[in-house]
Amino acid sequence: MVRSLLHSSLLERHSALRFTLMLLGVCVLLASLPAWLGTADFDYHFSYNHQIQDPTFEQERETTPYDQLSPEERQYVDAALDGERFDFEDDSRTMPSIVERGGTYYAFDSGRSVDWLNPGSFGPVLVGLAGFWLVFEAVQHERAHLGPHGV
């Protein structure tokens, strides 16, 4: 049905309808982008980075002594020192960036990244593809109307 509407004689006769179709497709495509970004989910990562030989004043200020960590945080720090990498779905854990243990300073990477494959973002992606398809169809109709030489 949609395909037959796009191949109607009205679109072939009126360039204003083709332009409106393309404008509608662009609007749908642009509207899907903020919806997709709004439904994007963040994942949080924690892993061991390196050992710090001579910590700077700022690094010493950001340092968390190993003894002050909770038992859960100690488990994550110990496992990260053994080479494990952790991915968390939420930001409920605040992991330290530098830990001092026995006079040795360890730096950790703890950051966040966008989970682009979040199931909630598939709807806006499909809407965006529909908008792209409308633009593509409008351009194809315009090209067919103009002929092989674009006149």
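Start by selecting Phe46 and whatever touches it. Leaving aside residues up to four places away in sequence, Phe46 is in contact (heavy atoms within 4.5 Å) with Tyr76, Val77, Ala80, Glu84, Arg85, Phe86, Phe88, Met95, Pro96, Phe108, Asp109 and Ser110. This is a predicted model, in which local features need pLDDT of at least 70 and side-chain atom pairs count only at pLDDT 80 or more, while totals for chains, interfaces and linings use all residues. Residues are numbered from 1 along each chain as its sequence is written, and side-chain values use heavy atoms, with hydrogens and water left out.

Phe46 lies in strand β1; helices (H or I, at least four residues) and strands (E, at least two) are DSSP runs numbered from the N terminus. Is Phe46 buried or exposed? Its relative accessibility is 0%, so Phe46 counts as buried. Buried means under 20% relative accessible area, exposed over 50%, and partly exposed in between, with a 1.4 Å probe and protein chains only. Now display the C-alpha atoms of Phe46 and Phe86: they are 5.1 Å apart, although 40 residues separate the two along the chain.

Next, the core. Select Phe46, Tyr76, Val77, Phe86, Phe88, Val99 and Phe108, the residues with the most contacts inside the largest nonpolar core, which has 14 residues. Such a core is a set of buried Ala, Val, Leu, Ile, Met, Phe, Trp, Tyr and Cys residues joined through side-chain atoms within 4.5 Å. Two or more residues each come from β1 (41-52), α5, β3 (85-88) and β5 (104-115). The largest share, four residues, is that of α5. In soluble globular proteins, nonpolar side chains tend to be buried together.

Move to helix α5 and colour Glu73, Tyr76, Val77, Ala79 and Ala80, its buried residues. They lie on the same side of α5 because they cover an arc of only 165° around the axis, the arc being that of the directions from the helix axis to the C-beta atoms. Among the elements covering these buried residues are β1, β3, β4 and β5. After α5 comes Gly83, with a positive phi near 105°.

How many salt bridges does the structure hold? There are two, a salt bridge being a side-chain nitrogen of Lys or Arg within 4 Å of a carboxyl oxygen of Asp or Glu. Select Arg101 and Asp78, whose closest N and O atoms are 2.9 Å apart. This pair links distant parts of the chain, since Arg101 is in strand β4 (residues 98-101) and Asp78 in helix α5 (residues 71-81), 23 residues apart. Arg101 is partly exposed at 35% relative accessible area, and Asp78 is partly exposed at 24%. The other bridge joins Arg85 to Asp87, with the closest N and O atoms 3.8 Å apart.

For the last stop, select Trp116 in the loop between β5 and α6 (122-146). Trp116 has a relative accessible area of 43%, which makes this residue partly exposed.

Finally, zoom out to the whole chain. Six helices and five strands are present, in the order α-α-α-β-α-β-α-β-β-β-α. Of the 151 residues, 29% are buried.
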